[in-house]
Amino acid sequence: MTHTLCPWLWRPKLNASAQALTVVHYQFVIILGVVFSQNKKAMHIYFCGSIRGGRQDVGIYQKIVRKLQTYGEVLTEHVSHSDLSERGEDGVQVEKFIHDRDVEWLQMCDVVIAEVTQPSLGVGYELGRARDMHKKILCLFRPSSGKSLSAMIRGADDGSLFQVRDYKEDEVEGLLDEYFKGHSKV
Ligand SMILES: O=c1[nH]c(=O)n([C@H]2C[C@H](O)[C@@H](COP(=O)(O)O)O2)cc1CO
């Protein structure tokens, strides 16, 4: 029986119980391998940052995206590209393409990280959609900008799925480490 199922395990010198033990051992190793490879599956991270709302914070977006890339795949890496201007992405029928692609990415992501200091209609829309999808959301705001965050963002903080944190630029990496410590596999 054993040699029919697993010919490479068939060792005529082993008695039946030793063969059964070997099979159980190999099954255990296979199960461990499957569990381990699932845990290693990259987390999908959706990063939101202003584009047409103004690109003055692109340097901070780059810092955030670099850090996020140590935790998983950032689906919207383009938001942090310094050559992406306030005009946004170009192309044929680009508006519908961008909207539909980004909503699909929101659906597939494990977590949404948004830099919300520079107000942006697109980021506000993404956050509303993500909240309705019950995604884990972290919004980052810099009070040193002198701006006041919309109540529709700050007021959405429920201390759990939707969180808003005030931060200083030099704290952002530590803050993300702290956040992902609690959400290492979403
Ligand atoms: O070209 C684009 N590509 C793109 O992915 N977006 C998405 C991602 C950003 O998090 C968000 C920015 O919105 P807005 O452009 O309204 O600031 O919208 C927005 C634009 C332009 O509106």
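Predicted model: local features only at pLDDT ≥ 70, side-chain atom pairs only at ≥ 80, totals over all residues.
Student: Which residues come nearest to the ligand?
Tutor: A residue is near a molecule if one of its heavy atoms lies within 4 Å of it. There are 18 residues around the ligand. Those that come nearest are R52, E89, D102, S120 and E126.

Student: What distance separates a nitrogen atom of the ligand from an N or O atom in the side chain of E89?
Tutor: A polar contact here is a pair of N or O atoms within 3.5 Å. An oxygen atom of the ligand lies 2.8 Å from a polar side-chain atom of E126, and an oxygen atom of the ligand is 3.2 Å from an N or O atom in the side chain of R101. For the ligand nitrogen and E89, the distance is 2.6 Å.

Student: Which element gives the most to the shell around the ligand?
Tutor: Helices are DSSP runs of H or I with at least four residues, strands are runs of E with at least two, and both are numbered from the N terminus. By class, the shell has six nonpolar, seven polar and five charged residues. With four residues, the element that gives the most is α5.

Student: What is the volume of the largest pocket?
Tutor: On a 1 Å grid over the protein atoms alone, a pocket is an open set of points where a 1.4 Å probe fits, with protein on both sides within 12 Å along at least five of seven lines; lining residues have an atom within 4 Å of a point. The space taken by the ligand is this largest pocket, a molecule being placed in a pocket if more than half of its atoms lie within 2 Å of its grid points. A volume is the space filled by probe spheres set on the points, and for the largest pocket it is about 490 Å³.

Student: Which element gives the most to the lining of the largest pocket?
Tutor: The lining has 10 nonpolar, eight polar and six charged residues. The largest contribution, seven residues, comes from α4.

Student: How much space lies in the second largest pocket?
Tutor: This pocket is lined by 15 residues, with V116, P119, S120, L149 and I153 nearest its centre. Its space is about 170 Å³.

Technical notes
Residues numbered from 1 in each chain as written. Heavy atoms only, no water. Polar contact = N/O pair within 3.5 Å; in protein donor to acceptor, adjacent residues only side chain to side chain. Nonpolar A, V, L, I, M, F, W, Y, C, P; charged D, E, K, R; others polar.
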